[in-house]
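Biologist: I would like to learn how to read a protein model. Can we take a few features one by one?

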Amino acid sequence: MDLFDFLAQQPPLLIGTVFLLGLLIGSFINVVAYRLPIMMERDWRRQCQEYLHPDEPMADEARFDLLVPRSRCPACKHRIKAWENIPLLSYVFLRGKCSACGTRISLRYPGVELVTALLSAVVAWQLGWGWPLVAALIFTWALIALSLIDFDHKLLPDSITLPLLWLGLLLGLETVFTDLHSSIIGAAAGYLSLWSVYQLFRLVTGKEGMGFGDFKLLAAIGAWLGWQALPVTILLSSLVGAVVGITLILARGRDRNIPIPFGPYIAAAGWLALLWGEDITQAYLRFAGLA
């Protein structure tokens, strides 16, 4: 009996293992959420300079990507040691402070690690061992990273949404979550549905109600789950987005003209649809008296 067979026969051990893996991935997601937008901005500046000033030499920049340089304290630039970067535990041992200067470490970092671990464990609990679990974990981690970046920068990077979309279509070849026919229609319908809303809103108000990244994210969810999951995904994302938006306006006096990122709500709805989409749909139909 190999390790995978053993995990398949021991659900609690599988869930615990995935939880620990989720902690590690959550730590990496923190890096992605912080560094990827900076990497994109650098790339945009480089492209602009190449286009506007093609004859000028490019300025030398230190390497900056998801691996280099090593993480540092934003206050004192202290290089984070390995023992200071253990998910959750390091935050507890350091009492939430930098070991060098004592500056408070944001609760967001251990929070993302814990949420990623918990959501990963829920996926393992629901799906059990198998290739659908591996795929669903990738789906979950990508949605968390996209949500954080969109919340911070009102941006959903193509470098995450497009590979997610193509992976969903490839999974359709093996009917992991849906068949290829439904996956292709789901990708097209997911994109076109929000694109149509965007065009109609712009025609009526003269403003852009959402970004193109939202279209691509819903297209990716449609590719993963099929067109059948789109109604419940759109319904859930719109409901949660409306509730949160109204709450922010009433509780914090937030200007209604300040954009609220829609990507996190689409991501949350897509994740719920992955695990409980059919149950949610049936419950809604019974509530509406249609089933």
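Modeller: Start with I86. This is a predicted model. I86 has a relative accessible area of 37%, so I86 is partly exposed. I86 lies in the loop between helix 2 (11–52) and helix 3 (89–93).

Biologist: Now helices. What span should helix 4 have, and how far apart are its end C-alpha atoms?

Modeller: Count 1.5 Å a residue. Helix 4 has 20 residues, 108–127, so it should span 28 Å. Its end C-alpha atoms are 28 Å apart, which agrees.

Biologist: Which residues of helix 4 are buried?

Modeller: Buried means under 20% relative accessible area. In helix 4 that holds for P110, V112, E113, T116, A117, S120, A121, V123 and A124. Now look down the axis of helix 4. The buried residues fall within an arc of 160 degrees, so they line one face of the helix.

Biologist: Why do residues three or four places apart point the same way in an α-helix?

Modeller: An α-helix has 3.6 residues a turn, so residues with that spacing point the same way.

Biologist: What covers the buried residues of helix 4?

Modeller: The cover includes helix 2, helix 3, helix 5 (131–153) and helix 10 (263–287).

Biologist: Which residue just after helix 4 takes a positive phi?

Modeller: That is G128, with a phi of about 70 degrees.

Biologist: Let me stay with glycine. Is G111 buried or partly exposed?

Modeller: G111 is in helix 4. Its relative accessible area is 28%, so G111 is partly exposed.

Biologist: On to charges. How many salt bridges are found in the whole structure?

Modeller: The search finds 6. To read one, look for a side-chain nitrogen of Lys or Arg within 4 Å of a carboxyl oxygen of Asp or Glu. R46 and D43 are a case, at 3.2 Å from N to O. Both lie in helix 2, 3 residues apart, about one turn of the helix.

Biologist: Are R46 and D43 buried or partly exposed?

Modeller: R46 has 33% relative accessibility, so R46 counts as partly exposed. D43 is partly exposed as well, with a relative accessible area of 29%.

Biologist: Which residue meets R46 in a salt bridge at 3.9 Å?

Modeller: The partner is E61, with the 3.9 Å taken from N to O. E61 lies in the loop between helix 2 and helix 3, while R46 is in helix 2, so the pair ties together parts that are 15 residues apart in sequence.

Biologist: Where is the partner of K216?

Modeller: K216 and D158 meet in a salt bridge of 2.8 Å, N to O. K216 sits in helix 8 (residues 212–225) and D158 in helix 6 (residues 158–173). The pair links distant parts of the chain, 58 residues apart. K216 has 19% relative accessibility, so K216 counts as buried. D158 has 36% relative accessible area, so D158 is partly exposed. Also follow shared partners. Salt bridges that share partners join D43, R46 and E61 into one network.

Biologist: Let me try helix 6. What should its span be?

Modeller: Helix 6 has 16 residues, so at 1.5 Å a residue it should span 22 Å. Its end C-alpha atoms are 23 Å apart, which agrees. The buried residues are I160, T161, L164, L165, G168, L169, L171 and G172. They cover an arc of only 165 degrees around the axis, which puts them on the same side of helix 6.

Biologist: Which residues are exposed on the other side of helix 6?

Modeller: They are W166, L170 and L173. The buried residues pack against helix 2, helix 5, helix 7 (180–205) and helix 8. After helix 6 comes T175, with a positive phi near 50 degrees.

Biologist: One last residue. What does W276 touch?

Modeller: W276 lies in helix 10. Leaving out residues up to four places away in sequence, W276 touches V122, Q126 and W271. The C-alpha atoms of W276 and Q126 are separated by 9.3 Å, though the two are 150 residues apart along the chain. W276 has a relative accessible area of 24%, so W276 is partly exposed.

Terms used:
Residues numbered from 1 in each chain as written. Predicted model: local features only at pLDDT ≥ 70, side-chain atom pairs only at ≥ 80, totals over all residues. Heavy atoms only, no water. Helix = DSSP H or I, 4+ residues; strand = E, 2+ residues; numbered from the N terminus. Buried < 20%, exposed > 50% of the residue type's maximum accessible area, 1.4 Å probe, protein only. Expected span 1.5 Å × (residues − 1). Arc of directions from axis to C-beta. Contact = heavy atoms within 4.5 Å.
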